Amino acid sequence: MASTTSPVQSLITNSRFSSLYLSTNKVFLPSCQLLKNRFSPASRSSCLAFSSLGDKKEAWVPMGMLSAKPLTFTGWNQNMRRRCQVEFPVASAAAADADADGLETEISEGHAKPSKSFAERFPALVTGFFFFMWYFLNVIFNILNKKVYNYFPYPYFVSVIHLVVGVAYCLVSWSVGLPKRAPIDKELLILLTPVAFCHALGHVMSNVSFAAVAVSFTHTIKALEPFFNAAASQFVLGHQIPLSLWLSLAPVVIGVSMASLTELSFNWTGFISAMISNIAFTYRSIYSKKAMTGMDSTNVYAYISIIALFFCLPPAIFIEGPLLMQYGFRDAIAKVGLIKFLSDLFWIGMFYHLYNQLATNTLERVAPLTHAVGNVLKRVFVIGFSIVVFGNKISTQTGIGTAIAIAGVAIYSLIKANMEEQKRKAALSAAS
């Protein structure tokens, strides 16, 4: 039987056409056997149809699903490369499949772009969820942490447990690549060590205060942290603090003083340790600015937690070690049982690490103004929930003082955030 030459093969061999175009019929490419099949009349409606450039009488109009950018095939043979360039408008098969499945697909320059993720389509909803989880984990941590201190009053050891669980979490996360561990060198280690020391000191002193007084009172004292930040910026870093910021701090000082004078759970250990915590976290902020690196916040916080753990171990061993070995562990197990004791220690460590990590990630997603408001609202949530859960009795003056202090912190935070935003806009305009 005589062999039949396909019209497509004949066109390609003779190279009589300078260009080949798709017809306006819908294109189907069922398999790689297309050019081997006969070009029968029955298949013309579903296969490629070609027309000579010279014979083309109407302007070619690309189909809705086709982009106007041509795709060039030049590698079939040297003869075609020299004499004939075949140009096909790119048809995105992904677009057809997406339309069939009811999905959204963006076509750009012949490439199918996947539809936006949920986080990209609803950023405000995702940010709100971050804030909710930050508040939720913070409240749970403070409540569970205080319950542990009610039967196991050893804040130095508990502070170590917080960091041990957090470091273990970081190591497991690194081992599975979530996130990928960023390398650290000697120079970065030197920069992060002062930050980690201040973090360890502030963390331990906060826990000493939590163990000594009511949670609500500790957070009321810690509302003074902006005052220490402003003082350190003015007198340590040499930054000029506007008068409006100093005036906004007056209600904070007055409110904390009112709350302290009539606080039923007041004692000097809780008050002084909370004040030391404020100073430590202030210097942590100062050293953090000096240690700004290109490393992501998750890895930075992981390294700070690891270094801080080594600072927290010695006081826990020398101050509370003998007491724990004599009767500390024994009494706690006798009160709640071994399983509950170990599970409580594990969960307060996990909640501590997660709420701090989530706070860092949340604050990266928002503007300074939102950050400031969120931080104030977090303290309000913690104070309110701790009073309800533990049934702490507070005097009228303590309640009024706490409200004044929180209002002062809110005013200070709003003014400071607006100043930072103006500086940022000025820097952007100067750069442009």
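**Reading helix packing in a predicted model**

Buried residues make up 40% of the 432 residues in the protein chain.

Me: Before I get into details, what kind of model is this, and how many helices and strands are there in the protein chain?

Reply: It's a predicted model, and the protein chain has 15 helices and 4 strands. Take the contacts with a separation of 6 or more: 82% of them join residues 24 or more positions apart.

Me: Okay, helices. How are two packed helices described?

Reply: By two things, the angle between their axes and the distance between the axes. The crossing is left-handed, and the contact has 21 nonpolar, 2 polar and 1 charged residues.

Me: And how do the axes of α5 and α7 cross?

Reply: For α5 (residues 123-151) and α7 (residues 186-212), the axes come within 9 Å and cross at roughly 65°. The two helices are therefore roughly perpendicular to each other, and their crossing is right-handed. The residues of this contact divide into 3 nonpolar, 3 polar and 1 charged.

Me: Which residues meet there?

Reply: On the α5 side you'll find N142, N145, K146 and Y149, and they meet N207, F210 and A211 in α7. Here's the general idea to keep in mind: an α-helix has 3.6 residues a turn, so residues three or four places apart point the same way.

Me: What span should α15 have, given its number of residues?

Reply: Count 1.5 Å a residue: the 36 residues of α15 (residues 396-431) should span 52 Å, and the end C-alpha atoms are 53 Å apart, which agrees.

Me: Which residues of α15 are buried?

Reply: They are T398, G401, T402, A405, I406, G408, V409, Y412, S413, A417 and E421.

Me: Let's zoom in on one residue. Is E320 buried or exposed?

Reply: Buried means under 20% relative accessible area, and E320 counts as buried because its relative accessibility is 6%. You'll find E320 in helix α12.

Me: What does E320 touch?

Reply: Leaving out residues up to four places away in sequence, E320 touches Y154, P155, Y156, F157 and P315. Have a look at Y154 in particular: along the chain E320 and Y154 are 166 residues apart, while their C-alpha atoms are separated by 6.9 Å.

Terms used: Residues are numbered from 1 along each chain as its sequence is written. This is a predicted model: local features need pLDDT of at least 70, side-chain atom pairs count only at pLDDT 80 or more; totals for chains, interfaces and linings use all residues. Side-chain values use heavy atoms; hydrogens and water are left out. Axes are lines fitted to C-alpha atoms, for helices over the stretch in contact, and angles run from 0 to 180 degrees between N-to-C directions. Angles under 35 degrees count as roughly parallel, over 145 as roughly antiparallel, 65 to 115 as roughly perpendicular and the rest as oblique. A crossing is left-handed if the near helix is turned anticlockwise from the far one by less than a right angle, and right-handed if clockwise. Contact means heavy atoms within 4.5 Å. Ala, Val, Leu, Ile, Met, Phe, Trp, Tyr, Cys and Pro count as nonpolar, Asp, Glu, Lys and Arg as charged, and the others, Gly among them, as polar. The expected span of a helix is 1.5 Å times one less than its number of residues. Buried means under 20% relative accessible area, exposed over 50%, partly exposed in between (1.4 Å probe, protein chains only).
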